[in-house]
Amino acid sequence: MAPGMDFTHRHILDMHQFAREDIDHILNTADSFKEISSRPIKKVPTLRGHTIINLFFEPSTRTRLSFEVAAKRMSADTFNISASTSSATKGETLIDTARNISAMHPDIIVLRHSSSGAPHLLSRHVNAAVINAGDGAHEHPSQGLLDLMTVKEHRGSLAGLKIAIIGDITHSRVARSNIEGFTTMGSEVFVYGPSTLIPHGIDNLGATVCTSLEQAVRDADVVMTLRIQRERQNDPLLPSLREYARYFGITSEVLSLARPDALIMHPGPVNRGVELTPDVADGARSVILDQVTNGVAVRMALLYLVMGNA
Ligand code: CP
């Protein structure tokens, strides 16, 4: 397949930009790349000679590492910059940082930033393709895509599935990307969490807001739990994590309401004993580490597809 065939997107900024055909194309491409990671020599020359800069202004384990692993498996040259080691600490603006990086002619900039819309802004000021690796509470499209890939792998199809997303919806870019992605693919999304953490208007994205944990989880095909993001809460929006675990945490008893083959997901990092109990996190239905494995394949696909449009 020629790089970028049938793929018209220069930047990857949010899930909203994708039609069902785009998502199918990305997931099929990711699927074809996945086996590279299980070869004895995990490297192909596909992106040799291309330069990818990972610009991370927020902490990350999975996303940053998997973009780097994905790029290296495709033989690209990768460079990592974090806020704490960049001249942002000396007052340089994001745009100035980006223009200076752009002057070194990278092909792709992967950006994580605490401000919603930062990747969109960047894409208007640099020549490189920009991939959003999570912007504030807005979107995390590569996470949404790896979640779709993981469910599709286990279920064969995404149409008609019941997806329950439980937790801090207000601050979750993962929730927004997943609501967009799953509804585009024909799944039904139900959200539930403390009323202080359910944003007004989330139903406009196509999600049904539930009034009980039972309503959300009963007969679900997928139970996706989200991290409580205390760092994004200016005022405490929960009495305590203990109370959250008691009323919103997924235990094996709660999970028994879902379909017998329901998948348990979490984008990470997990607060064990808060969003879900350790037996559920590590149980037979958990696909949390499959999500991480698929993250590399999805990011290989995204790098490859945007390079085809450079
Ligand atoms: N899922 C996710 O974005 O994890 P990191 O913050 O570790 O990248």
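User: Is His11 buried or exposed?
Analyst: His11 counts as buried, at 18% relative accessibility. Buried means under 20% relative accessible area, exposed over 50%, partly exposed in between (1.4 Å probe, protein chains only).

User: What kind of model is this, and how are residues numbered?
Analyst: This is a predicted model, where local features need pLDDT of at least 70, side-chain atom pairs count only at pLDDT 80 or more, and totals for chains, interfaces and linings use all residues. Residues are numbered from 1 along each chain as its sequence is written, and side-chain values use heavy atoms, with hydrogens and water left out.

User: Where is His11 placed?
Analyst: His11 lies in the segment before α1 (20-34). Helices (H or I, at least four residues) and strands (E, at least two) are DSSP runs, numbered from the N terminus.

User: What is His11 in contact with, leaving aside neighbours within four places in sequence?
Analyst: Gln17, Ser123, Ala128, Ala129 and Val130 are in contact with His11. Contact means heavy atoms within 4.5 Å.

User: New topic. How many residues does α2 have?
Analyst: Helix α2 (residues 62-73) has twelve residues. From first C-alpha to last, α2 reaches 16 Å, close to the 16 Å expected at 1.5 Å a residue. The expected span is 1.5 Å times one less than the number of residues.

User: Which residues of α2 are buried?
Analyst: Thr63, Ser66, Phe67, Glu68, Ala70, Ala71 and Arg73.

User: What covers them?
Analyst: The cover includes β1 (51-56), β2 (77-82), β3 (108-113), β4 (129-135), α5 and α11 (288-308).

User: What does Thr63 contact, beyond neighbours within four places in sequence?
Analyst: Phe56, Arg112, Ala133, His140 and Arg299. Thr63 has a relative accessible area of 5%. Val292 is 229 residues from Thr63 in sequence and 8.8 Å away in space, C-alpha to C-alpha.

User: What happens just after α2?
Analyst: Ser75 takes a positive phi of about 70° there.

User: Now α5 and α6. At what angle do they cross?
Analyst: Roughly 50°, and the axes of α5 (residues 141-155) and α6 (residues 173-184) come within 8 Å. Axes are lines fitted to C-alpha atoms, for helices over the stretch in contact, and angles run from 0 to 180 degrees between N-to-C directions.

User: What is that orientation called?
Analyst: α5 and α6 are oblique to each other. Angles under 35 degrees count as roughly parallel, over 145 as roughly antiparallel, 65 to 115 as roughly perpendicular and the rest as oblique.

User: Which residues meet there?
Analyst: Pro141, Gln143, Gly144, Asp147, Leu148 and Val151 in α5 meet Val174, Ser177, Asn178, Gly181 and Phe182 in α6.
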